[in-house]
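Work through the following exercises with the sequence and the predicted model side by side. Each task is followed by a solution in steps.

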Amino acid sequence: MNFRVIQALVMRYLYLYTRAPVRGIELVFWPMVNLLVWGYLTQYLQKNMAGDFPGQITYLIGAVILWDVLFRAQQGVAIFFLEDVWTRNLLNVFAAPVTTRDYLAATYTIGLLRALVTTTLLGVLSWVLYSFNVFSLHGYLLPFALNLLVFGWALGMISTALIVRWGPAAETLAWAVPFFIQPFAAVFFPMSELPAVFRAFSMALPCSYVFEGMREVLRSGSVSTRDLLLATGLNLVYLAAAGVLFVRVMRTARRKGLLTKFATQ
Amino acid sequence: MFAAFAMSDSVLLARDLTKRFGDFAAVNGVSFEIRPGEILGLLGANGAGKTTAINMMLGLLLPTSGTIEIFGRDLAKHRVEILRRMNFCSTYTNLPGNLYVWQVLTVFGRLYEVPDLKRRIDEVLGLLEIGHLKKRVTGHLSAGESTRLNLCKALLNRPELLLLDEPTASLDPDIADKVRKVVSRVREESGAAILYTSHNMRDVEEICDRVVFLHRGKVLFTGTPAEIVRHFEEDSLENVFIRVARSGDVEFTGETRKAGDE
């Protein structure tokens, strides 16, 4: 890997924020809206319902914060590619001495930075507004976040590969792909609530084990090591498969002239 | 890094290059070379295969068959090492319009690992007479300024091979003249080999040492601009161009020839 090339690609993305700081709104607006809606809704239910409900508020806030790690990581990879499509700069980048590995490493870095920004913001806000301390996840916070980050990267590569394959008309996939899986990913409710068919799909997603684990930690203070290992193993499979898909699609793009079509559309 | 190619060798050697999209052959069995320090014109009407050929030379498009050797190395196997020593400028690509000029050149300078980058950026901006635009937003530049910035990006890494795809398209005669002079100066000072496509026959006659004339994806003729005019028994390169372009879908009757075959 060539770190200077990776640094240059990352710098190109970061320059966008120095040139137009208003772009930063996209990074903070929707996560904040989610946190406020889910946080106050559950606070309201907490006050007006009896039973075990008080505990749920922490689950939902934790879910909002951790989901954003996955979403921002995926966006980092997919939007990185689209930025060059939108500015018709794609050919300049792909005709430069940039390997696929360097390119992907740069997109991962952007995904990581985006996730760090929003997680920090949501962590502080949830502590101020709802007294939810993200560190109440103890030592599990890091493995949870890492697993979601890696799955976000894999989804980002899949999104980009599909956009390259199907052309600019498919660019909404950059935002849609994470939400295709969200209902099955046990983000806000346990896998056991899903019908058997969907549960099988849920069990094949690494993030399901993370969200189940998060609820378990908040409930009992610990999580099953087996579930964490399962999530990590599945993540490795997804990352490798997404990498193979990305490389194959880029090869197809070079064979069919898909990259050059992007430049002229 | 691999050893520099011997000066007697071709900088670029395309052998029997073919690119098919389904049944359509955009480039069909094209062979040519670019020699060290040479400006080679790639001529042809719209759809002749020029841009497809250039995209293959940049590794953006894989040939259906045939090979491309640059600096004595197979492009398919050594793409990144080769791209580090070459560059390109195309009227069909933009630089990121949402960045400042200095930011764009900094990013590409780092991608090409240009040493002493700040000084080099000032040099190329000065060479193209756009030093005053350094702090302007790229998207706010005029067409002529954008083309010159594109050329700055292409010159940043002091390329040994420069691919220029219609660099004077959409430029007024004054700026087009300046661009031609810069291209000639770059060749004289650095010895770079240059592949130059243009629909402006004056460009071609003024700066190209040799021309490869493409028609419907095939090489129709290779020679100096004067040799081409003589071969087709026309009085200017422009008239040759028009005659070939208007041959339309009918297969052009001229054989593929090289100067010296006559």
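**Exercise 1.** Determine in which sense strand 7 of chain B and strand 8 (residues 193-197) of chain B run, and how many bridges join them.

*Solution.* Strand 7 of chain B and strand 8 of chain B run parallel, and five bridges join them. As one example of this pairing, Leu161(B) has Ala193(B) in strand 8 as its bridge partner. Turning to strand 6 (residues 86-90) of chain B, one finds that strand 6 also pairs with strand 7 in the parallel sense, over five bridges, and here Cys89(B) has Leu164(B) of strand 7 as its bridge partner.

**Exercise 2.** Decide whether the residues of strand 7 (residues 161-165) of chain B are buried or exposed, and which way they point.

*Solution.* In general, side chains of a regular strand alternate between the two faces of the sheet. In strand 7 of chain B, Leu161(B), Leu163(B) and Asp165(B) point one way, whereas Leu162(B) and Leu164(B) point the other way. Buried here means a relative accessible area under 20%; because five of the five residues of strand 7 of chain B are buried, the strand is largely enclosed by the rest of the structure.

**Exercise 3.** Identify the residues that form the positive surface patch, and the helix of chain A that gives the most to it.

*Solution.* The patch is formed by Arg165(A), Arg251(A), Arg255(A), Lys256(A) and Lys261(A). Helix 10 (residues 225-256) of chain A gives the most, with three residues. Arg255(A) lies in this helix, and its relative accessible area of 46% makes Arg255(A) partly exposed, since that class lies between the limits of 20% and 50%.

Methods:
Residues are numbered from 1 along each chain as its sequence is written. Chains are lettered from A and ligands numbered from 1 in the order in which they are written. This is a predicted model: local features need pLDDT of at least 70, side-chain atom pairs count only at pLDDT 80 or more; totals for chains, interfaces and linings use all residues. Side-chain values use heavy atoms; hydrogens and water are left out. Patches are made of residues with over 30% relative accessible area and no salt bridge: like charges are joined within 9 Å, nonpolar side chains (Val, Leu, Ile, Met, Phe, Trp, Tyr) within 5 Å. Accessible areas come from the Shrake-Rupley method with a 1.4 Å probe; for residues, only the protein chains shown count as cover. A salt bridge is a side-chain nitrogen of Lys or Arg within 4 Å of a carboxyl oxygen of Asp or Glu. Lys and Arg count as positive and Asp and Glu as negative; His and the chain ends are not counted. The place of a charge is taken as NZ of Lys, CZ of Arg, CG of Asp or CD of Glu. Helices (H or I, at least four residues) and strands (E, at least two) are DSSP runs, numbered from the N terminus. Buried means under 20% relative accessible area, exposed over 50%, partly exposed in between (1.4 Å probe, protein chains only). Two strands pair if DSSP finds at least two bridges between them.
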